[in-house]
2 protein chains.
Amino acid sequence: MSLRHALLGLLADHPASGYDLLKRFDTSLAFVWPATQSQLYGELKRLADAGLIEAAATGPRRRTDYAITEAGRAELAHWLTEVEPEHSRRNDALLRVFFLWAVDPAQAVDYLEREARLYRQFGEALRQVADTVAWDESGFDRCARLALENGLRVSEANAAWAEWAAGEVAGDTDG
Amino acid sequence: MSLRHALLGLLADHPASGYDLLKRFDTSLAFVWPATQSQLYGELKRLADAGLIEAAATGPRRRTDYAITEAGRAELAHWLTEVEPEHSRRNDALLRVFFLWAVDPAQAVDYLEREARLYRQFGEALRQVADTVAWDESGFDRCARLALENGLRVSEANAAWAEWAAGEVAGDTDG
DNA sequence: CGCTCACATTCCTATACTGACATGTCAAAA
DNA sequence: TTTTGACATGTCAGTATAGGAATGTGAGCG
């Protein structure tokens with residue numbers, strides 16, 4: 001149910017329509033919580049039913065701007081401070097590592113080197129974002145930079161690990 | 001659909017019943033791909049229908065041992081070498097970081113310090129596993145150790161990040 | 001004016017996942 | 001003998017997620 005709170009968080013910053021929110025998702029939150037349009041509109045409706053947001057204005061093309069309510073802000077704060085985050089561990093790329101023994105060592109090394117490249121590329125992409133976005137000193141941007149730094153560090157750790165692991169597998173084969 | 005391939009991978013090692021697989025999941029793969037018993041039995045049935053595994057023996061209490069078929073081994077190798085892993089980014093704990101501006105700086109620092117502690121604890125737990133498991137030189141155990149090393153490095157990176165981020169937020173408040 | 005494109009929302013199907021519940025078997029202890 | 005507990009599998013309802021089709025609106029341009 002994190003989508004629910006992600007939307008609350010964005011609306012706590014300022015009112016927006018479903019369409020706006022979708023774009024903001026794609027540019028900032030997609031790295032940590034991708035969402036599709038059908039999910040998003042459905043969740044907005046449920047949030048409105050629950051009184052956590054309300055339709056604040058309607059524009060052209062049935063555009064509906066939603067604003068967070070007091071109840072919504074309370075729910076957001078509650079989620080941030082009192083609800084234990086799920087440290088979900090689902091990791092497709094790492095799951096495969098458990099089964100690399102089932103293929104040739106050369107293929108295993110290929111896999112790990114490929115992973116290393118992907119992590120490096122991802123780090124590069126994040127660095128691009130860091131350099132090109134016009135960050136301001138708003139709370140949202142400050143926090144986004146903290147999250148981005150996490151991405152940089154974790155992708156670096158993963159890349160270094162994958163290179164090390166490739167060396168391990170290659171070493172076992174030689175020795 | 002990674003569960004499907006996780007089961008194939010375990011059965012590629014040696015035949016096992018659903019119950020065995022469930023236990024193996026809980027002890028080794030749960031860190032990267034948790035699965036419930038209902039999912040697991042359902043998937044076994046589908047794998048058998050697809051001809052990727054077959055019921056090899058039946059024991060007491062309706063126990064059914066499944067074995068991987070040649071088609072199953074081919075599918076596993078295909079998945080490992082040719083199917084792009086999903087670098088799923090869903091991260092509840094990091095999502096919250098985007099919205100920490102919505103609570104008091106002190107609460108934000110609390111959140112980040114708590115995260116740091118959790119990552120350190122998780123690293124400790126992994127180190128415990130590394131030290132207590134009787135690792136052998138089988139392919140499976142070697143690969144499991146590679147995966148475990150990933151956990152150690154990534155949790156260390158996350159812990160260091162969280163401590164740094166807590167400092168950043170605290171620094172902003174003072175300055 | 002008519003065209004096109006970006007805007008904006010709704011609905012649909014299918015699969016994945018969670019958590020709980022239901023059913024039954026066998027071995028060994030009390 | 002009864003009971004307990006580990007073994008072993010199956011089903012169900014509810015929710016989450018993916019991905020795409022369908023629908024319609026308004027602004028700008030030739």
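The residues of the surface near DNA strand D comprise seven nonpolar, 11 polar and four charged. In this classification Ala, Val, Leu, Ile, Met, Phe, Trp, Tyr, Cys and Pro count as nonpolar, Asp, Glu, Lys and Arg as charged, and the others, Gly among them, as polar. The model is predicted: local features need pLDDT of at least 70, side-chain atom pairs count only at pLDDT 80 or more, and totals for chains, interfaces and linings use all residues. Residues are numbered from 1 along each chain as its sequence is written, while chains are lettered from A and ligands numbered from 1 in the order in which they are written.

Around DNA strand D there are 22 residues, and Ser38(A), Pro60(A), Gly18(B), Tyr19(B) and Ser38(B) come nearest. A residue is near a strand if its C-beta atom, placed from the backbone, lies within 6 Å of it. Two or more residues come from each of helix H3 (37–49) of chain A, helix H2 (18–27) of chain B and helix H3 (37–49) of chain B. The most are given by H3(B), with four residues. Helices (H or I, at least four residues) and strands (E, at least two) are DSSP runs, numbered from the N terminus.

DNA strand C is surrounded by 20 residues. The closest are Gly18(A), Ser38(A), Arg63(A), Ser38(B) and Pro60(B). H2 and H3 of chain A and H3 of chain B each give two or more residues to this surface. H3(A) gives the most, with three residues. By class, the surface near DNA strand C has seven nonpolar, nine polar and four charged residues.

The protein chains also meet each other. In chain B, 51 residues are in contact with 51 residues of chain A. Contact requires C-beta atoms, placed from the backbone, to lie within 7 Å. On the chain B side, helix H1 (2–13), helix H4 (70–82), helix H5 (92–97), helix H6 (105–132) and helix H7 (139–174) each give two or more residues. H7(B) gives the most, with 16 residues. This side of chain B has 32 nonpolar, 10 polar and nine charged residues.

Superposition relates the two copies. Chain B can be laid on chain A with an RMSD of 0.1 Å, by a turn of 180° and a shift of 0.0 Å along the axis. The two copies are therefore related as by a two-fold rotation axis. The same surface serves both copies, as 100% of the contact residues of chain B recur in chain A.

In chain A, three strands form an open antiparallel sheet in the order S1-S3-S2. Strand S1 (16–17) and strand S2 (53–58) stand at the edges with a single partner strand each, so one side of each is left without a neighbour in the sheet. Strands pair if DSSP finds at least two bridges between them. Five bridges link S2(A) and strand S3 (residues 64–68) of chain A in the antiparallel sense. Ala57(A) has Asp65(A) in S3(A) as its bridge partner. H3(A) lies across S2 and S3 of chain A, at about 110° to S2(A). Axes are lines fitted to C-alpha atoms, for helices over the stretch in contact, and angles run from 0 to 180 degrees between N-to-C directions.

In chain B, strand S2 (residues 53–58) and strand S3 (residues 64–68) run antiparallel and are joined by five bridges. Ile53(B) stands opposite Ile68(B) in S3(B). The hairpin of S2(B) and S3(B) has five residues between the strands, where Arg61(B) takes a positive phi near 55°.

Terms used: Two residues are in contact if their C-beta atoms, placed from the backbone, lie within 7 Å. Copies are superposed by least squares on the C-alpha atoms of residues with pLDDT of at least 70 in both.
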